[in-house]
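Subject: Structure handover

Hi,

Here is the structure for you to look over. My notes on what was found follow below.

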Amino acid sequence: MATVKHAIEEHDVVALRQPIGIWPEGTTGTVVSLYEDAALVEVAEDDPPGSALDNLLPVPFEQLELRWSHRTGWVAAMEA
């Protein structure tokens with residue numbers, strides 16, 4: 001079976017493949033901006049551990065896993 005590689009775009013939901021700062025592996029967030037080799041990810045927390053700016057993470061694409069695409073919906077492995 002062929003593996004389909006999804007392109008990450010703004011408004012997609014992604015998960016961290018490894019810990020970044022205070023955020024553990026598996027933390028999910030929404031892509032709010034794209035750079036050449038990274039995405040700016042906003043982590044939504046009810047009780048953030050710091051300022052709201054601490055919830056914005058520039059993350060290289062290779063450290064992100066697509067969970068939900070605003071174009072196609074849930075990624076096959078993530079469907080409920």
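A contact here means heavy atoms within 4.5 Å. By that rule, and leaving out residues up to four places away in sequence, Leu-16 touches Trp-23, Pro-24, Glu-25, Gly-26, Thr-27, Leu-57, Val-59, Gln-63 and Leu-64.

Two notes on the source. This is a predicted model, in which local features need pLDDT of at least 70, side-chain atom pairs count only at pLDDT 80 or more, and totals for chains, interfaces and linings use all residues. Numbering runs from 1 along each chain as its sequence is written, and side-chain values use heavy atoms, with hydrogens and water left out.

The fold

The chain has 6 strands and 0 helices. Both are DSSP runs numbered from the N terminus: strands are E with at least two residues, helices are H or I with at least four. Along the sequence the pattern reads β-β-β-β-β-β.

The 6 strands form an open sheet with antiparallel pairing, in the order 4-3-2-1-5-6. Its edges are strand 4 (56–60) and strand 6 (73–74), each of which pairs on one side only. Two strands count as paired if DSSP finds at least two bridges between them.

Strand 1 (residues 13–16) pairs with strand 2 (residues 28–34) over 3 bridges. Ala-15 has Thr-28 as its bridge partner in strand 2. Strand 1 also pairs with strand 5 (residues 64–69), over 4 bridges. There, Val-13 is bridged to Trp-68 of strand 5. Trp-68 also has a bridge partner in strand 6, namely Trp-74. Strands 5 and 6 pair over 2 bridges, in the antiparallel sense.

Core and surface

Of the 80 residues, 31% are buried. Buried means under 20% relative accessible area, exposed means over 50%, and partly exposed is in between (1.4 Å probe, protein chains only).

The largest nonpolar core holds 14 residues. Such a core is a set of buried Ala, Val, Leu, Ile, Met, Phe, Trp, Tyr and Cys residues joined through side-chain atoms within 4.5 Å. Val-14, Leu-16, Val-41, Val-59 and Leu-64 touch the most other members. Strand 1, strand 3 (38–42), strand 4 and strand 5 each supply at least two residues of this core.

The accessible surface of the chain is about 5500 Å² (Shrake-Rupley method, 1.4 Å probe). Carbon and sulfur atoms own 52% of that surface. Among contacts with a separation of 6 or more, 42% join residues 24 or more positions apart.

Leu-34 sits in strand 2. Its relative accessible area is 35%, so Leu-34 is partly exposed. Beyond four places in sequence, Leu-34 touches Ile-8, Glu-9, Glu-10, Ala-39 and Phe-61. Ile-8 is 26 residues away along the chain, yet the C-alpha atoms of Leu-34 and Ile-8 are 8.7 Å apart.

Ser-69 belongs to strand 5. Ser-69 is buried because its relative accessible area is 7%. A polar atom of the Ser-69 side chain lies 3.1 Å from the backbone nitrogen of Arg-71.

His-11 lies in the segment before strand 1. His-11 is not a glycine, but has a positive phi of about 80 degrees. With a relative accessible area of 52%, His-11 is exposed.

Best wishes

Notes. A polar contact is a pair of N or O atoms within 3.5 Å; within protein, one must be able to donate a hydrogen and the other to accept it, and residues adjacent in sequence count only if both atoms are side-chain atoms.
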